[in-house]
Structure formats: structure tokens, C-alpha cells
Amino acid sequence: MEPQVQEDPERLAEFEARIARGERIEATEWMPAQYRAECLRLIQMHANSEIMGALPEREWIPRAPTLARKMQLVAKVQDEVGHGQLLYRVAEDLGKPRRQMLEDLLAGRSKFHNVFHYPAETWADVAVIQVFVDGAAMQTQGSLRACSYAPYARVLKRICYEEDFHIRLGIDNFKALAEGTPRQRAMLQDALDRWWTPIMHFFGPHDTDSPHLRTMMRWRIKVKTNDELRQQFLRQFVPLIQEYGLRVPDPGLRWDEARGEYVYTEPDWEEFRHVIRGEGPKSQQRLALRNAVWRRHAWVREALERWSAAA
């Protein structure tokens, strides 16, 4: 754990007053060391997740069922990698070089979202990722457009615009399978069943078990809690599953009228802890692929560095 920095009380009070007034903080302005560290941790993980999250869908580009689906998937994968580069640029301004962030990811020293540690076994997995994984991400990213760190809020406007389009693409894919042959519907149900637990994990542990949440909410680095976002996701996407006559994978899921929220079966949180430590079913294979690509393109980085030095 990083040692706590003793902040100037007057500057800290002024900073917190600005946060309380709803003002935003620019990269060049003073901020507490812990605020900087929490923003960096959040944005770096988001950037890592965008470039690692491109891999499960990338695997399906050669096997997409039609030319149109293939072209759509190529464009989406390009978008996700582009989001990663935008986010690394935002994170750099918080004091950590992009190369160091990438090297930390490749060495397994930094994290990426739990859902991207799982396999995409069939074409229906692609539909589930596009609708439900991207849908879960939109709950989080959409709320973060109102966060207190101005550069992150700005870049999320563009990212969310494109992610919304990805979800619409996914719903078209989901609908084609749901209204298709019995075999296609069974494939879609199987993918939904396998992805349900990782998606419930996506929002993180319960608020009472989240070590960073209190500080992040106090400084509006986050504006909604993990449990609020999970409920928001369920309210939006459970009706979609039911509309197409598919089975919600959690038999214990029900709407509690008195509480105004969904009650659900607790997912296996031990599995979540293993996955975010890099012990998921595809964690090491996906990192190995990223490392192989990094080594293969070393000549490009060397050429750019020499050109930059000579300029």
C-alpha cells in the first residue's frame, strides 16, 4: 500500500469545497495525492480493459457467420482498441508514462476487468458480450461522465457514444439468434447461462466490501455505487431477456416491490477474487497473446524512438 501523504489542510479543504460545489478538476490543477492515485488506478484499469476486451471478439472475426457481421466486428474491435489509446493518454497526465502502464499490464502487475478473463466459445458469446457486457460497461461509464475529473469525463462522452452503438449492434445480433432456429436459441441460452456470473461480478463487490468506494464517492471520482449500478443493469436488461422468451440464468431472481429492487442469488465471490488476480480461465492465454504482439512490434517502437530522437 502506498504511504499516506500529509496534505496541506487549507488546500485540501479548498479542494473538497470545489468538489462539493460540483466543480471539476483539470489535470494541471492541484489535487490530493490520493485523488490522483485513485483516478489513475481507475482510468488505467479502464484502458487495460479496453485493449484486453478486444481479444474475445477478435477471435471471432475469421469465423463471423456473414461478411456484414465480419465487417461490423472488425469495426467494433478497432473502436475498443482506440478507446484504450484515448484512455492511456488521459491516464498519462496523472503522472504515469503509457509505456510503463503497458508493461505493467503485460507483466500481470495491473488489472483488467473480470469479464475479459473468460472464453468466447460460440458466436452467441459475441452477441452476449455486445449486449450484456457492453451494457454493463455502459452503466458504469455512463455515470462516470458526471465524475469530478474533467479529462476523464470528457473522453467518456465519445467512448459512450460509440459503446451505445455497439450495444445496438449486439441487440440486432442477439435478436437474430433469439428468433432463429431451435439450435441457435439453445446456443444463445447456453452463452447467457455461462456469462451471467461474470456479468454480476462486473460491478465489483458489494458496497460494504469495496475498499476504495467510500473515498471515490466522497470525491465524486465515482457517482454511483457498485450495488446501484448492478441494480440499474438488472432493471434495463432482465426485461430484454424475458421479451425474447429466454430464461434468466438466476432462478432466484425476482423483483421486490417493497424494496424497489431486484433480489438475486449471490454469485460466487471467491471466483471473482481468483479472476481479478489473473487466475481466470483465459487470463494467462490472453496475456501471452498480448506479450507476443508486443514483442513482434518492437521494431516499430524502436523506429519511432529513433525518428523522434533525430527530429
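Visitor: Where does Q130 lie?
Guide: Q130 lies in helix α5, residues 123-144. Helices here are DSSP runs of H or I with at least four residues, strands are runs of E with at least two, and both are numbered from the N terminus. Before we go on, this is a predicted model: local features need pLDDT of at least 70 and side-chain atom pairs count only at pLDDT 80 or more, while totals for chains, interfaces and linings use all residues. Residues are numbered from 1 along each chain as its sequence is written, and side-chain values use heavy atoms, leaving out hydrogens and water.

Visitor: Why is Q130 called buried?
Guide: Buried means under 20% relative accessible area, exposed means over 50%, and partly exposed is in between, using a 1.4 Å probe and protein chains only. Q130 has 3%, so it is buried.

Visitor: Which residues does Q130 touch?
Guide: Not counting residues up to four places away in sequence, Q130 touches several, including E57, L73, H166 and N173. Contact here means heavy atoms within 4.5 Å.

Visitor: What makes V126 buried?
Guide: V126 is also found in helix α5. Its relative accessible area is 0%, so V126 is buried. Leaving aside neighbours within four places in sequence, V126 is in contact with E57, W60, L73 and N173. C-alpha to C-alpha, V126 and L188 are 9.7 Å apart in space and 62 residues apart in sequence.

Visitor: Which residues of helix α4 are buried?
Guide: In helix α4 (residues 98-106), they are M101, L102, D104, L105 and L106. These buried residues pack against α2 (33-58), α3 (67-92) and α11 (283-296).

Visitor: Why is the pair of F202 and F203 called edge-to-face?
Guide: A pair of aromatic rings is described by the distance of the centres and the angle of the planes. Rings of Phe, Tyr and Trp (its six-membered ring) pair if their centres lie within 6.5 Å; planes under 30 degrees apart count as stacked, over 60 as edge-to-face and the rest as tilted. The structure holds 14 aromatic pairs. For F202 and F203 the centres are 5.5 Å apart and the planes are at 80°, which makes the pair edge-to-face. F202 counts as buried at 6% relative accessibility, and F203 is buried with a relative accessible area of 6%.

Visitor: What makes the pair of F203 and F233 tilted?
Guide: Their ring centres are 5.7 Å apart and their planes are at 50°, so the pair counts as tilted. F203 lies in the loop between α7 (182-202) and α8 (213-218) and F233 in helix α9 (residues 226-243), so the pair ties together parts that are 30 residues apart in sequence. Ring pairs link F132, F174, F202, F203, F233, F237 and Y244 into a cluster.

Visitor: How do you know that R63 lies over the face of W60?
Guide: A charge sits over a ring if NZ of Lys or CZ of Arg is within 6 Å of the ring centre and within 35 degrees of the ring normal. R63 lies over the face of W60, at 3.9 Å from the ring centre. Likewise, R301 lies over the face of W294, at 3.6 Å from the ring centre.

Visitor: What makes E92 and R89 a salt bridge?
Guide: The term asks for a side-chain nitrogen of Lys or Arg within 4 Å of a carboxyl oxygen of Asp or Glu. By this rule the count comes to 29 salt bridges. In E92 and R89 the closest N and O atoms are 3.6 Å apart, and the two form a salt bridge. They are three residues apart in helix α3, so about one helical turn separates them. E92 also meets R98 in a salt bridge, at 3.6 Å, N to O.

Visitor: Why is E92 called partly exposed?
Guide: Its relative accessible area is 26%, so E92 is partly exposed. R89 is partly exposed too, with 41%.

Visitor: How do you know that E305 and R99 form a salt bridge?
Guide: Their closest N and O atoms are 2.9 Å apart, and E305 forms a salt bridge with R99. E305 lies in helix α12 and R99 in helix α4, so the pair ties together parts that are 206 residues apart in sequence.
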